[in-house]
Amino acid sequence: MSSDFLLRLLVPAFLLASCSVKEDRTDCPCLLSLDLTGIPVLPVMLEVTGEDGYAYTQVVHGDTVIVLPVPKGKVTVSAVGGALSEGDGSIRIPSGEEAPPLYLFHRVVSTEAEQYSLPVHLRKQFCSLELTFSGPPGFGPPFEVEVDGRVNGWESDGSPSEGEFSRRLLPGSDGNAVLRLPRQADDSLVMHIVFLDQVVRTFALGSYIESAGYDWEAQDLEDLTLQVDISVTGVALTSDFWGRSEEMEIWI
């Protein structure tokens with residue numbers, strides 16, 4: 001057992017022990033134990049803040065348990081991996097970029113008890129959308145795909161932030177492209193097929209994803225495969241999460 005780990009355990013224990021059982025323990029700190037094991041991405045920025053200005057931050061580079069003496073009342077525990085947050089804790093996607101591979105934890109906890117244990121489970125906040133295109137003989141690059149939406153990131157509590165999102169992709173020679181999408185608040189996603197900077201097909205992407213049963217409110221967002229046959233304007237949505245394929249007709 002390392003000396004740093006022992007120090008983390010002994011210092012909080014000493015602080016708690018300093019509050020005699022004969023004294024009023026109202027002002028004694030709460031011993032908060034944060035379990036960061038099984039982390040899906042590294043490093044992770046951990047932040048604990050309290051109502052009285054208490055603040056603790058640490059960059060986590062592996063599975064660990066952190067024990068902190070925190071003030072009584074309420075504290076907010078946040079952990080962010082895969083992206084850098086703004087000063088207010090929010091995360092914004094730069095114009096023209098795809099979503100970062102964000103994993104997030106946010107919880108407000110009561111610290112009125114003498115001890116409190118909290119598992120910090122970071123949740124997947126993005127959907128990797130794989131696009132596979134097919135068409136008539138001679139169909140193929142060069143063409144581009146543009147996906148537009150109304151969510152440009154996440155607020156500090158993990159909820160979608162309203163703003164313009166637009167990402168243009170050039171599929172590979174096999175007609176495939178992959179795009180990371182942020183957690184959505186509605187079905188406003190739109191996909192354009194672009195030839196020589198001219199939009200030739202437009203799909204109500206958000207509506208098709210929603211009608212296939214995709215859950216944007218899931219704790220961990222599932223990845224998604226979308227097959228687009230431009231020649232017959234038919235779309236098949238396939239995901240291991242659904243265990244089935246959804247066939248739809250699109251008329252433009």
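Trainee: What should I know before I start?
Mentor: The model is predicted, so local features need pLDDT of at least 70 and side-chain atom pairs count only at pLDDT 80 or more, while totals for chains, interfaces and linings use all residues. Residues are numbered from 1 along each chain as its sequence is written, and side-chain values use heavy atoms, with hydrogens and water left out.

Trainee: How many helices and strands does the protein have?
Mentor: Helices (H or I, at least four residues) and strands (E, at least two) are DSSP runs, numbered from the N terminus. Here there are two helices and 18 strands.

Trainee: What share of the 252 residues is buried?
Mentor: Buried means under 20% relative accessible area, exposed over 50%, and partly exposed in between, with a 1.4 Å probe and protein chains only. In this protein, 43% of the 252 residues are buried.

Trainee: How do I read the side chains along a strand?
Mentor: In a regular strand the side chains alternate between the two faces of the sheet. Take β2, residues 44-50. Val44, Leu46, Val48 and Gly50 point to one face and are buried.

Trainee: Which strands pair with β2?
Mentor: Strands of a sheet pair through backbone hydrogen bonds, either parallel or antiparallel. Two strands count as paired if DSSP finds at least two bridges between them. β2 pairs with β3 (residues 55-60) in the antiparallel sense, over six bridges. Met45 has Val59 as its bridge partner in β3. β2 also pairs with β5 (residues 74-81), again antiparallel, over seven bridges. There, Glu47 is bridged to Ser78.

Trainee: What lies between β2 and β3?
Mentor: Their hairpin has four residues between the strands. Gly53 takes a positive phi near 95 degrees there.

Trainee: What is the strand order in the open sheet of three strands?
Mentor: The order is β4-β1-β8, with mixed pairing. β4 (64-70) and β8 (115-119) stand at the edges with a single partner strand each, so one side of each has no neighbour in the sheet. β1 (residues 30-36) pairs with β4 in the antiparallel sense over seven bridges. Asp35 has Val65 as its bridge partner in β4.

Trainee: Is Ser188 buried or exposed?
Mentor: Ser188 is buried, with a relative accessible area of 14%. Ser188 lies in the loop between β13 (176-182) and β14 (190-195).

Trainee: Which residues does Ser188 contact?
Mentor: Contact means heavy atoms within 4.5 Å. Leaving aside neighbours within four places in sequence, Ser188 is in contact with Asp148 and Arg150.
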